[in-house]
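Work through the exercises below with the sequence and the model open beside you. Try each task before you read its solution.

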Amino acid sequence: VTRPWQQLEDEFQTFLEATPDGVVLVDGEGRIVRVNGHAERLFGYPRAELVGSPVEQLLPERFRDRHRAHRAGYHARPRTRAMGEGQELFGRRKDGTEFPVDISLGPVETQAGTVVVAAVRDATERRRAEDLSRRLAADELRRQQALELNDGVVQGLAAASMAMELGDTDRARALVADTLDSARAIVRHLLEEHGDAPLPPGALVRSAPAIVRRDRR
Amino acid sequence: MTDERTWRIVIADDTPDIRELLRLILERRHGFAVVGEAADGREAVAQTASLEPDAILLDLAMPLMDGLQAIPELRRVSPRTKIVVLSGFEAAVMKDRALESGAHVYLTKGIGTGRIADALIDVCSGEGRHAGAC
């Protein structure tokens, strides 16, 4: 006894439920017209509280005005794309807590006008992994620089001081000269590290005290 | 110190100048024979395995295998060899890790060469873990 449109309707909802993301369908007025179960769980709202509400309800308050403006712009030129390319997006749960999200958008033409399909994914794990790999990369760079200093400067000065103790001043002088060269090369390398941009004036002003002087026993 | 014996030493450091100068320093003092040199951690392990020296003077930052990786291997291939770390890193950074890995003494490069020799004699003549020296 199910009528054909009812069957289509059911199949459509089945598709939505099978989607691995939280799906929120939004009409031209910015009202939520349909969600799937993932979206309910993601945002902590029962379906009934979402359908008919403005989509901004799912955003932290500080982003809502801007979002309304962006939404109007999107409806003027709808296309499939990621939302807020290059920006960190946040969702807001019913309990007021925020969480990082990735959102992709796509327009669907319906008899009731353009409906935007927003696929929402919790980005907490992804961003945590990215932060971690950024930190590890920074650690690795620092370690390389420390080793460069050790090899280029500490080793040379240690050798020079041994040569001095042995009374071989010519050799000590040569070792100091080599060490000075390699220290300069390291400084040049470190200053060049960040791309081709010329150093701005004042970039060489040292924060005092730049070098921790250790008391000699 | 009436002990007349000669302590057999291996020097492991990737900087040739340091190896040569350490050899000169030790050979100038009586009581040492530098029996081998190594330029990286793997070579240090191989030399120690075949020569079984009384002590190895071990740098930490080296290619292929660093000193911290080498220490447990050195203990394994020649348990009688005393491991004296001579590192460019200050003790606060690496000493604990080196001693925990099984090194006997941690010295920082730049200390007087007399103290390097003294530490070698102390540790070789069995005055226990000389962990305090740095």
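**Exercise 1: A glutamate in a loop**

Glu56(A) is found in chain A, in the loop between α3 (47–50) and α4 (61–76). The model is a predicted one. Decide whether Glu56(A) is buried or exposed, and find which side chain it joins in a polar contact.

Solution. 
Step 1. The relative accessibility of Glu56(A) is 2%. Buried means under 20%, so Glu56(A) counts as buried.
Step 2. Leaving aside neighbours within four places in sequence, Glu56(A) is in contact with Gly30(A), Arg64(A), His67(A), Arg68(A) and Arg71(A).
Step 3. Among these residues is His67(A), and a polar contact of 2.8 Å joins its side chain to that of Glu56(A).

**Exercise 2: Salt bridges within a chain**

Solution. 
Step 1. Glu140(A), at 31% relative accessibility, counts as partly exposed.
Step 2. Arg5(B) is partly exposed at 40%, whereas Asp54(B) is buried at 5%.
Step 3. Strand β2 (residues 32–38) of chain B holds Glu37(B) and helix α1 (residues 16–28) of chain B holds Arg19(B), so the pair ties together parts 18 residues apart in sequence. Glu37(B) is partly exposed at 25%, and Arg19(B) is buried at 13%.
Step 4. Arg19(B) and Glu37(B) also belong to a network of salt bridges with Arg23(B) and Glu27(B). Over all chains, the structure holds 28 salt bridges.

**Exercise 3: The core**

Find which residues touch the most other members of the largest nonpolar core.

Solution. 
Step 1. This core has 32 residues, and Leu26(B) and Leu120(B) touch the most other members. Helix α5 (residues 113–124) of chain B contributes the largest share, seven residues.
Step 2. Not counting residues up to four places away in sequence, Leu26(B) touches Ile9(B), Ile11(B), Phe32(B), Val34(B), Leu57(B), Ala117(B) and Leu120(B).
Step 3. Another core, of 24 residues, lies apart from it, with Met65(B), Val85(B), Ala98(B) and Ala103(B) among its members.

**Exercise 4: Where the chains meet**

Describe the interface of chain A and chain B by its contacts, its area and its polar pairs.

Solution. 
Step 1. In chain A, 15 residues are in contact with 22 residues of chain B.
Step 2. About 1600 Å² is buried between the chains, and carbon and sulfur atoms give 57% of this area. On the side of chain A, Gln155(A), Met162(A) and Leu166(A) lose the most area, together 39% of what that side buries.
Step 3. Two salt bridges are counted between the chains. Arg171(A) forms a salt bridge with Glu20(B), with the closest N and O atoms 3.0 Å apart. Seven residue pairs are in polar contact across the interface.
Step 4. α5(A) gives the most to the side of chain A that touches chain B, with eleven residues. By class, that side has eight nonpolar, three polar and four charged residues.

Technical notes
Residues are numbered from 1 along each chain as its sequence is written. Chains are lettered from A and ligands numbered from 1 in the order in which they are written. This is a predicted model: local features need pLDDT of at least 70, side-chain atom pairs count only at pLDDT 80 or more; totals for chains, interfaces and linings use all residues. Side-chain values use heavy atoms; hydrogens and water are left out. A nonpolar core is a set of buried Ala, Val, Leu, Ile, Met, Phe, Trp, Tyr and Cys residues joined through side-chain atoms within 4.5 Å. Buried means under 20% relative accessible area, exposed over 50%, partly exposed in between (1.4 Å probe, protein chains only). Helices (H or I, at least four residues) and strands (E, at least two) are DSSP runs, numbered from the N terminus. Contact means heavy atoms within 4.5 Å. A polar contact is a pair of N or O atoms within 3.5 Å; within protein, one must be able to donate a hydrogen and the other to accept it, and residues adjacent in sequence count only if both atoms are side-chain atoms. Buried area is the accessible area (1.4 Å probe) that two parts lose on being put together, summed over both. A salt bridge is a side-chain nitrogen of Lys or Arg within 4 Å of a carboxyl oxygen of Asp or Glu. Ala, Val, Leu, Ile, Met, Phe, Trp, Tyr, Cys and Pro count as nonpolar, Asp, Glu, Lys and Arg as charged, and the others, Gly among them, as polar.
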